[in-house]
Amino acid sequence: MPLHVSAALPILEVSAPDVTSWLAERRTELREAVREHGALLIRGLGLDSADAVAAAFRVLVDELMPHYEAFATRSTYEDGVYSSSKWPADQPMCMHHELSYALRVPTLLLFACLTAPRSGGVTGLADARAVAAALPAELVERFEREGWLLTRSYNGEIGVSWTEAFGTSDRAEVERYCRANDIESEWLPDGTLRTRQRRRALIPHPASGERCWFNQVAFLNEWTMAPEIREYLVEVYGREALPFNTAYGSGDPIGEDVIQLLNDVYEAHTVREPWLRGDLMIVDNVRTAHSREAYEGTREVLVAMGDPMPMVDVAR
């Protein structure tokens with residue numbers, strides 16, 4: 001299957017009157033291309049509705065995953081097919097691997113563009129193997145030894161509520177979920193839920209065994225926030241009660257210099273291709289981190305998470 005490998009990422013330009021049939025006939029080849037390159041952009045399918053996107057998504061993966069432990073709200077088009085996270089358009093979403101803090105993670109991500117923004121809004125991609133290799137050895141060794149810690153405070157004012165994140169208003173059900181997923185939980189007198197979960201920061205790729213930098217250490221850290229937002233949240237809630245934050249697995253805070261280094265390394269390995277209406281992109285969620293850049297205008301990109309794998313021995 002001939003690919004045009006641009007300066008950004010592998011692009012397959014096609015013409016397919018019957019999109020689902022075309023994808024079904026080439027499903028194996030497409031998935032092999034994603035395994036080889038880490039991601040694939042298919043251009044020319046002419047996807048123009050949520051129904052068409054959902055049908056394409058269902059062809060490409062064996063299982064679509066539900067959205068859980070969310071940080072931002074999404075609209076649901078149908079089971080397993082969602083809008084992009086409703087994150088402010090003028091604030092970028094930094095590099096991360098979807099659900100890298102969970103015990104069941106998607107191996108494939110699917111994106112489809114119904115409306116391209118006037119400017120910006122690129123879904124950047126970065127090779128997690130290259131990121132791991134480019135980081136200082138002593139930093140990688142520490143994260144390998146300790147893992148990383150994610151803390152969350154569901155205060156009902158900033159970010160999603162705990163009922164949205166866990167899909168239930170039953171506290172006992174939330175507690176059961178947390179116990180089953182190695183998450184420490186605590187209810188405060190004012191009704192705030194606080195959680196802590198320790199996870200591995202690097203994992204082997206399930207197919208190749210290559211070491212991948214697989215986490216959301218930088219994206220969910222206080223130092224990645226816009227300075228004025230961080231200052232406001234710290235002033236109102238205090239560092240210990242930020243809506244979300246990350247630390248070394250030991251609980252030690254991660255310095256601003258380390259977060260800047262992580263984001264600089266991601267940037268050095270980021271590839272970009274502007275969205276066009278009808279584009280479909282398949283991403284290997286373990287090998288490839290993704291971001292969403294700030295944008296102007298209307299941006300409608302549908303998302304699905306597929307083919308989950310259990311994280312064995314991920315808690316540290």
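User: Which helix gives the most residues to the lining of the largest pocket?

Analyst: The model is predicted, with local features needing pLDDT of at least 70 and side-chain atom pairs pLDDT 80 or more, while totals for chains, interfaces and linings use all residues. Residues are numbered from 1 along each chain as its sequence is written, and side-chain values use heavy atoms, without hydrogens and water. On a 1 Å grid over the protein atoms alone, a pocket is an open set of points with protein on both sides within 12 Å along at least five of seven lines, and a cavity is a set where a 1.4 Å probe fits but cannot get out; lining residues have an atom within 4 Å of a point. With helices taken as DSSP runs of H or I (at least four residues) and strands as runs of E (at least two), numbered from the N terminus, the top contributor, giving three residues, is helix 8 (residues 227-237).

User: How much space lies in the largest pocket, and which residues are closest to its centre?

Analyst: A volume is the space filled by probe spheres set on the points, which are joined across faces, edges and corners. For the largest pocket this comes to about 460 Å³. Of its 19 lining residues, the closest to the centre are Trp-87, Gln-91, Met-225, Ile-229 and Phe-244.

User: How many residues of each class line the largest pocket and the second largest pocket?

Analyst: Ala, Val, Leu, Ile, Met, Phe, Trp, Tyr, Cys and Pro count as nonpolar, Asp, Glu, Lys and Arg as charged, and the others, Gly among them, as polar. The lining of the largest pocket has 15 nonpolar, three polar and one charged. For the second largest pocket, the division is five nonpolar, seven polar and seven charged.

User: Which strand gives the most to the lining of the second largest pocket?

Analyst: This pocket holds about 370 Å³ of space. Leu-149, Thr-151, Arg-196, Arg-239 and Glu-240 are the closest to its centre among 19 lining residues. Strands 10, 11 (184-187), 12 (193-199) and 15 (244-248) each give two or more residues, and the most, four residues, come from strand 10.

User: Which residues lie closest to the centre of the largest cavity?

Analyst: The structure holds four cavities of 30 Å³ or more, and about 300 Å³ lies in the largest. Its lining of 27 residues has, closest to the centre, Arg-74, Ser-85, Met-93, His-96 and Glu-98.

User: Which strand gives the most to the lining of the second largest cavity?

Analyst: About 60 Å³ of space lies in this cavity. Its lining includes Phe-71, Arg-152, Ser-153 and Tyr-154. The most, three residues, come from strand 10 (residues 148-154).
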